[in-house]
Amino acid sequence: MQYSEKVMDYFMNPRNMGEIENAAGVGTVGNAKCGDIMKIYLDIDDDGIVQDAKFKTFGCGAAVATSSIATELVRGKTIQEAMKVTNSAVTEALDGLPAVKVHCSLLAEEAIHAALWDYSQKKGIAIEGLQEPSDDDHSHDHHHDIDEDDE
């Protein structure tokens with residue numbers, strides 16, 4: 001499996017690792033299948049600018065690299081710009097990822113969205129285009145149990 005030099009660099013020397021105390025928004029996502037867990041902290045000022053972003057990731061090198069570069073990509077951006085940090089943007093910023101590791105960039109995108117969601121909930125605001133993160137991609141099965149009492 002061939003990693004780009006950039007992926008290796010961000011894995012060996014991750015930027016923005018750590019946590020932000022009293023962060024404006026915190027997003028935790030996990031992929032049970034590969035065991036990666038990502039936590040992204042955002043510090044957002046009153047103008048809706050991401051002043052700081054940090055991450056803690058438990059997972060493979062690609063998971064560390066993608067969450068590290070994702071925090072760099074959202075830093076200094078407006079909330080709407082941060083929403084545009086997609087998995088493809090993350091992958092591109094790292095000069096590509098091996099196909100089997102593309103899910104890591106998806107996790108990074110989800111973690112940012114989860115942190116923005118947390119922020120929007122705390123602030124009581126709506127962020128255009130942002131949906132509530134699902135707890136787990138495979139959790140759709142048990143949702144239809146809830147409506148059965150109505151019949």
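Me: Is Met12 buried or exposed?

Reply: Buried means under 20% relative accessible area, exposed over 50%, and partly exposed in between, with a 1.4 Å probe and protein chains only. Met12 has a relative accessible area of 56%, so Met12 is exposed. Met12 belongs to helix 1 (residues 5-12). Helices are DSSP runs of H or I, at least four residues, numbered from the N terminus. The model is predicted: local features need pLDDT of at least 70, side-chain atom pairs count only at pLDDT 80 or more, and totals for chains, interfaces and linings use all residues. Residues are numbered from 1 along each chain as its sequence is written, and side-chain values use heavy atoms, with hydrogens and water left out.

Me: Which residues of helix 2 are buried?

Reply: Twelve of the 14 residues in helix 2 are buried, so the helix is mostly covered by the cut-off of under 20%. Among them are Gly61, Ala65, Ile69 and Val74.

Me: How is the span of helix 2 checked?

Reply: The expected span is 1.5 Å times one less than the number of residues. Helix 2 (residues 61-74) should span 20 Å, and its end C-alpha atoms are 20 Å apart, which agrees. Gly124 follows helix 5 and has a positive phi, near 70°.

Me: Which residue lies over the face of Tyr10?

Reply: A charge sits over a ring if NZ of Lys or CZ of Arg is within 6 Å of the ring centre and within 35 degrees of the ring normal. Here Arg15 lies over the face of Tyr10, at 3.7 Å from the ring centre.

Definitions and conventions:
Helices (H or I, at least four residues) and strands (E, at least two) are DSSP runs, numbered from the N terminus.
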